[in-house]
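Come along and check each entry against the view.

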Amino acid sequence: QAHLDAITALNPRLNAYVTVTAEQALAQAKASDARRAAGVAGPLEGVPLAIKDLFCTAGVRTTAGSRILDNFIPPYESTVSGNLLRDGAVFLGKVNLDEFAMGSSNTTSAFGPVENPWSRANDPDTRLVPGGSSGGSAAAVAARLALGATATDTGGSIRQPAAFCGIAGIKPTYGRCSRFGIVAFASSLDQAGPVARTVEDCAILLRSMAGFDPKDSTSADVPVPDFAAACARGVKGLRIGVPKEYRLEGTPPEIEALWEQGLAWLREQGAETVEISLPHTKYALPTYYIVAPAEASSNLARYDGVRFGRREKGADLKDLYERTRAAGFGAEVRRRIMIGTYVLSAGYYDAYYLKAQKIRALIKRDFDQAFANVDAIVTPATPSAAFGMDEKQDDPVTMYLNDVFTVTANLAGLPGLSVPSGLDAQGLPLGLQVIGRAFDEETVFAVGNAIE
Ligand code: GLN
């Protein structure tokens, strides 16, 4: 009830929640109390969470931030949200996101932008973005409108909003969480993960969310360790890689300083820091912005106005498709569909898509070689603190550059954790990123906990 009251008070300003399921939440809480009284409490018993509106929730509208799904009520539950319910969690509602998770500022949502709760701290007129695409998840947690939230990360959508809102968030290894029931953006890159106030809270939530699922053919059949226990392991004797290609010109000195500070903290706690090279880093953004739209254009072909979602009237079937998609998709989604269709077309496939796939393999190989020598890699999470709501909006490429530190982990399938680590001169939060070996989230949590 306290969380529902906070939502009533603050959501009109923040716009973090698209749907609040107050009645259902109170009923779930009651059932949770009963389980506690009966001595059968699950590991998340009674914990109030927000669910990114990209996860299908049985009987509760799931919009993906798009007009094309604004009437879609799924008849089934995503595996990840189902796992959380199984462990006793209470769902407060569905939270806002960039349309189909395409964006870095939560300004492409058909349900309006989300405001970063750190906005107006110094200047009452400055409205800052919460980051994206999981801007609703991060804003809800930062403003105490939920104890934690589910999120997804295709190219940084968990880690960048976590950094902008001063909270923690992890994109686990590709395959760690089931994608079943999550609206698909780019299937070879999409991963679900938690955002929460602390690294340890993320560890607790991830343990419940993760696990093999026969309904997702890319879900990995590997044991789920006790991630929270791993947080307390310490970093003594670990080798931490510092990739020289991530020292970009134009990075604000405060972010450089935070990075140095994080590395110093790790050395003080017994880790060794070593410079490493990830030589193909400079190709990561162009590679991502070919692969992701290519897969998106294919995944989004299903929204035809016939099977589910919005339907516009048409003179014939083709007219119905065209009118539905024209009315249903926003500008950024259309841009991605056009780019994706172009790079997959017969004449350009080899030049763009095939080449991007080859470079993706080289980026992955860079990490394999680095991890022969180090246990984890530490970088900044973002190249800047949260920016203003009207900044970068007229130039998509400037917006895409915001993902420079995060897309590599998706292309290589590796776990990446964003850790709230400091503030800039304006008092806005900054994050550091810890990247680990595939399925070694435990080391990632240990390092993250040491620099939190
Ligand atoms: N900002 C990136 C994009 O727009 C990443 C989004 C995401 O991770 N879902 O594609």
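**Notebook: a look around the chain**

I began with Lys52. Leaving aside neighbours within four places in sequence, I found Lys52 in contact with Val95, Leu97, Ser134, Gly136, Ser137, Ala149, Thr150, Ala151 and Thr152. A reminder to myself: this is a predicted model.

Where does Lys52 sit? I placed Lys52 in strand S2, which covers residues 48–52. Is Lys52 buried or exposed? I noted 33 C-beta neighbours inside 10 Å, and 20 or more is the mark for buried, so Lys52 counts as buried.

**The annotated residues**

Next I checked the record. UniProt, in an unreviewed entry, places the feature "active site" at Lys52, Ser133 and Ser157. These residues span 106 residues in sequence, yet no two of their C-alpha atoms are more than 11.2 Å apart, so they gather at one spot.

I then turned to Ser157. I found Ser157 in the loop between strand S4 (148–153) and helix H5 (159–165). Ser157 is buried too, because 36 other C-beta atoms lie within 10 Å. Which residues does Ser157 contact, leaving aside its neighbours within four places in sequence? My list reads Ala101, Gly132, Ser133, Ser134, Ala151 and Thr152.

**Around the ligand**

How many residues surround the ligand? I wrote down 13, and the closest are Ala101, Ser104, Thr154, Gly155 and Ser157. By class, the shell around the ligand has 4 nonpolar, 7 polar and 2 charged residues.

**Stepping back**

Last, I looked at the whole protein chain. I noted 15 helices and 11 strands. The radius of gyration is 21 Å, close to the 22 Å that the globule rule gives for 452 residues, so the chain is as compact as a globular protein of that length. Along its principal axes, the C-alpha trace spans about 65 × 65 × 50 Å. Of the 452 residues, 56% count as buried. Among contacts with a separation of 6 or more, residues 24 or more positions apart account for 76%.

How values were computed. Residues numbered from 1 in each chain as written. Predicted model: local features only at pLDDT ≥ 70, side-chain atom pairs only at ≥ 80, totals over all residues. UniProt positions renumbered as here; feature names shortened; annotations may be inferred. Helix = DSSP H or I, 4+ residues; strand = E, 2+ residues; numbered from the N terminus. Buried ≥ 20, exposed ≤ 12 C-beta atoms within 10 Å, placed from the backbone. Contact = placed C-beta atoms within 7 Å. Rg over C-alpha atoms; globule rule 2.2 N^0.38 Å. Near = placed C-beta within 6 Å. Nonpolar A, V, L, I, M, F, W, Y, C, P; charged D, E, K, R; others polar.
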